[in-house]
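Please read it with the structure open.

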Amino acid sequence: MSATKKTIRRSLLVTSATLLTLSLTTTVPVFAADKPSSSPSPTASATPPANMSTVGGARLGEAGTQVDLGTGAPVLPKDVTARSWIVTDAESGDVLAAHNAHWRLPPASTLKMLFADTVLPKFPRTEQHKVAVTDLSGIGAGSSMVGIKEEETYSVHDLWLGVFLRSGNDAVHVLSAMNGGVEQTVKDMQAHAEDLQALDTHVVSPDGYDQPGQVSSAYDLTLFARSGLQKKDFREYCSTVRAKFPGETKKNDKGKTTRETFEIQNTNRLLTGDADVSTYQGIAGVKNGNTTNAGATFTGVAERNGKVLLVTVMNPDKDEHNEVYKEAARLLDWGFSAAGKVTPVGELVPPKGVDTGAQAGATSSAGSNTPVSSGDRGTKASSSPVAASAAAKDGSSGIGTALAITGGLLALVAGAAFLVNRRWPLPDLMRRRR
């Protein structure tokens, strides 16, 4: 063999080996929506970064578990395997404990909390919308769907039930179309996240479908939930157990047009219960998610004895059915037992537009002139209860459609103490009806 041929052959072998190495080491993103996955994200590191955001306190930017146990405080549950989690007091904003709170991870459908907090105030629930073919374009393959049909008319109320109960990406896209399109909605969501000081979040899709670069954190998801829970409709939808949803319009043999309904049920297992998970005492929402990249994610709010806690859990490593709910329940149990016995390791910062000064402190009770997020467009938080009759009128049932208000239990402290505690209370106490 000539020297020239040997040189060419050697070059080809080197090139082939290089290409093979690259093919074995290059990560290929895998995208799916609301599909359970036992494997970790192929694009996310298995360890948190050394430097994370310190919004809410320096301790929250540190990797690992952050907690300061006081006298009589229970130890944290040892069987929590989530990559990131946080337990907070929903009213004061105190962070009771956290684990990699600012780790930027794929959020899955928990990002719909930001979508709802951003878009909910823009359309009255009675508004009707006829779905165009273009409204449903661009929905990711394998997305969770509520079953919206082209050329059918739905109320805004119907669409939000589809978003919260079935995590319907089709409902999200229809509402986004009403809001000027997906691109405009993403811009609105990103701007609202920045208003809430949720700086770990980068929005690419309004429904939480896996997209390159789309991330949030346990801290930010908790901010979204806390802001959303200032809104009466948000509280109702996120805690509704089941509802009737409009089906397809059909004509019978006699030519009469009919449109039946079908039942949809909330996929939040702490709200509905399951074979291996009991309904959590005091649960009142908020949102769950599951995608290939994100794994299972969940943010929940619960109340016991006048104490309202928020918990967010992201991507448990333990591969068991409903594991994200089991770990969330254990953390909530710990939080209720530890409240008042731990020193907070950080705080949930208020939105930029919220006055935490004397004006807010002068408020005598939650529900009137309660500070609200910029997503409320300057309106006051509702002080009227979500009437139980709403369930009968809307054909829906559950906790959220009949949340009682006990404003006295959430009375604000006077001005000076407000300045010290930086309290941003929920306007209503979310309590399970007997």
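This is a predicted model: local features need pLDDT of at least 70, side-chain atom pairs count only at pLDDT 80 or more; totals for chains, interfaces and linings use all residues.

1. Residues are numbered from 1 along each chain as its sequence is written, and side-chain values use heavy atoms, with hydrogens and water left out.

2. The chain has 434 residues, and 53% of them count as buried (under 20% relative accessible area; exposed is over 50%, partly exposed in between; 1.4 Å probe, protein chains only). There are 12 helices and 14 strands (DSSP runs numbered from the N terminus: H or I, at least four residues, for helices; E, at least two, for strands).

3. Helix H2 (residues 112-119) and helix H5 (residues 182-195) have axes that come within 9 Å and cross at roughly 95°. H2 is therefore roughly perpendicular to H5 (65 to 115 degrees; under 35 is roughly parallel, over 145 roughly antiparallel, the rest oblique). Axes are lines fitted to C-alpha atoms, for helices over the stretch in contact (heavy atoms within 4.5 Å), with angles from 0 to 180 degrees between N-to-C directions.

4. Salt bridges number 18 (a side-chain nitrogen of Lys or Arg within 4 Å of a carboxyl oxygen of Asp or Glu). One of them pairs Lys-307 with Asp-89 at 3.1 Å, N to O; Lys-307 lies in strand S11 and Asp-89 in strand S3, 218 residues apart. Lys-307 is partly exposed at 29%, whereas Asp-89 is buried at 8%.
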